[in-house]
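This report examines how side chains pack in one protein chain. Please view the sequence and the structure before reading on.

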Amino acid sequence: MDGLGLSPPIRRIGLTGGIGSGKSTVARMLVGCGACLVDTDAIARALTLPGGAAMPALAAAFGAGIVAPDGALDRDRMRALAFTDPGAKARLEAVLHPLIGAEAHARAAAAGSATVVFDVPLLAESRQWRQRVQRVLVVDCDEATQVQRVMARSGWTEDAVRRVIAQQAPRAARRRIADAVLYNDGLPIEQLAHEVRGLWALWNNPAH
């Protein structure tokens, strides 16, 4: 772990990491330390549930075929489309990202003086998000570990996992924007929690 602490305490932290890195585990640990979590993936899911605010625009952009029978986004079909159509991912993001950003801002504002952790999988790809936060924490691990973890939890094939990884920012790009990196590969959960608590104390201690 490496990081810088400043006075006054850090109140806006960007958390990111590749699929299967353990980012969600670290997010829960930060909440345990007292953070208010703004999970942009959870916001995106809410926007694409039946009746979700993004569904009319998504149906208009991609057609009724990406709408599941219950009215939610058909995630499997959308994922397959993004793999085969180079422009589909950009069109999807053009609909979702402004809505996600507005909701994330509202939730952060509601947190008052609490330290807010923005969990943003695509933080490395977004200059806008980098400008919103004071520090960036990257959870990192080897690609082989990512593949094993995602296959174990989701039942995806190795090829499917690697295609998702290929669409995300390279590990080196995430590490370049990091103020601190947690290397979560072969690390016991107790040690990971210790690293998280140490960083939290560093960034929230006005003496540093």
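## Basis of the values

The model is predicted: local features need pLDDT of at least 70, side-chain atom pairs count only at pLDDT 80 or more, and totals for chains, interfaces and linings use all residues. Residues are numbered from 1 along each chain as its sequence is written, and side-chain values use heavy atoms, with hydrogens and water left out.

## Helix H1

Helices (H or I, at least four residues) and strands (E, at least two) are DSSP runs numbered from the N terminus. In helix H1 (residues 23–33), the buried residues are Lys-23, Val-26, Ala-27, Met-29 and Leu-30. These residues lie on the same side of H1, because they cover an arc of only 165° around the axis; the arc is that of the directions from the helix axis to the C-beta atoms. Buried means under 20% relative accessible area, exposed over 50%, and partly exposed in between (1.4 Å probe, protein chains only). An α-helix has 3.6 residues a turn, so residues three or four places apart point the same way.

Turned away from the buried side of H1 is a face with the exposed residues Arg-28 and Gly-32. The packing partners of the buried residues of H1 include strand S1 (12–17), strand S4 (135–140) and helix H10 (189–203). After H1 comes Gly-34, with a positive phi near 120°.

## Nonpolar cores

A nonpolar core is a set of buried Ala, Val, Leu, Ile, Met, Phe, Trp, Tyr and Cys residues joined through side-chain atoms within 4.5 Å. The largest has 29 residues, and Leu-58, Phe-62, Met-78, Leu-96 and Phe-118 have the most contacts inside it. Helix H2 (40–47), helix H3 (55–62), helix H5 (88–110), S3 and S4 each give two or more residues to this core; H5 supplies the largest share, seven residues.

Leaving aside residues up to four places away in sequence, Phe-62 touches Met-78, Leu-81, Ala-88, Arg-91 and Leu-92, where contact means heavy atoms within 4.5 Å. A second, separate core has 19 residues, among them Leu-15, Val-117, Leu-137 and Val-139.

## The aromatic pair

The structure holds one aromatic pair. The rings of Phe-118 and Trp-129 have centres 5.4 Å apart and planes at 55°, so the pair is tilted. Rings of Phe, Tyr and Trp (its six-membered ring) pair if their centres lie within 6.5 Å; planes under 30 degrees apart count as stacked, over 60 as edge-to-face and the rest as tilted.

Phe-118 belongs to strand S3 and Trp-129 to helix H6 (residues 127–132), 11 residues apart. Phe-118 is buried, with a relative accessible area of 3%, and Trp-129 is buried, with 10%.
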